[in-house]
Amino acid sequence: MALASTQRVICESAALTDGGPGVRFEVQRNGAPAAAFVIRYLGGVYAYLNSCAHIPVELDWMEGEFFDKAGLYLVCATHGATYEPDTGHCILGPCRG
């Protein structure tokens with residue numbers, strides 16, 4: 001018996017540039033829609049829920065803008081919590097650790 005695939009295309013690979021804008025999409029979480037995004041960092045592609053670990057607000061300050069100016073870290077636009085793009089680990093701000 002074959003399992004139903006939950007894979008889907010979010011965007012073309014070329015739409016993601018290292019440290020550049022991300023692409024937003026929606027997922028189901030606990031039976032409800034949740035905002036998510038995908039980014040490229042150091043050649044890898046990473047997807048996360050679009051929610052700060054500190055308070056439940058979306059990270060991007062403009063649609064798809066998740067990185068700091070240098071393109072090195074993901075930053076919460078509300079209060080500056082800073083995340084590693086390849087792990088999602090919060091390294092600076094109110095949700096550190």
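Is C11 buried, partly exposed or exposed? Keep in mind that this is a predicted model. C11 has a relative accessibility of 26%, so it counts as partly exposed.

How many disulfides does the model have? The count is zero. Take C52 as the example. Its closest cysteine sulfur belongs to C76, and the two sulfurs are 3.9 Å apart. The cut-off for a disulfide is 2.5 Å, so the distance from C52 to C76 is too far for a bond. For the record, a disulfide is a covalent bond between the sulfur atoms of two cysteines.

Now the rings. Searching the whole structure gives three aromatic pairs. One of them is F37 with F66, a stacked pair with 3.8 Å between the ring centres and 10° between the planes.

Another stacked pair is Y41 with F67, at 6.3 Å centre to centre and 25° between the planes. Y41 lies in strand 2 and F67 in the loop between strand 3 and strand 4, so this pair ties together parts that are 26 residues apart in sequence. Y41 and F67 are buried as well.

There is also a cluster. Which residues do the ring pairs join? They link F37, Y48 and F66.

Last, the core. The largest nonpolar core contains 13 residues, and L59, A81 and Y83 have the most contacts inside it. Strand 2 is the top contributor to this core, giving three residues.

What does A81 touch, leaving out residues up to four places away in sequence? The list includes four cysteines by name, C52, C76, C90 and C95. Also on it are L74, V75, L92, G93 and P94. So C52 and C76, the two from the sulfur distance, both touch A81.

To recap: zero disulfides, three aromatic pairs, and a largest nonpolar core of 13 residues. I will take questions now.

Methods. Residues are numbered from 1 along each chain as its sequence is written. This is a predicted model: local features need pLDDT of at least 70, side-chain atom pairs count only at pLDDT 80 or more; totals for chains, interfaces and linings use all residues. Side-chain values use heavy atoms; hydrogens and water are left out. Rings of Phe, Tyr and Trp (its six-membered ring) pair if their centres lie within 6.5 Å; planes under 30 degrees apart count as stacked, over 60 as edge-to-face and the rest as tilted. Helices (H or I, at least four residues) and strands (E, at least two) are DSSP runs, numbered from the N terminus. Buried means under 20% relative accessible area, exposed over 50%, partly exposed in between (1.4 Å probe, protein chains only). A nonpolar core is a set of buried Ala, Val, Leu, Ile, Met, Phe, Trp, Tyr and Cys residues joined through side-chain atoms within 4.5 Å. Contact means heavy atoms within 4.5 Å.
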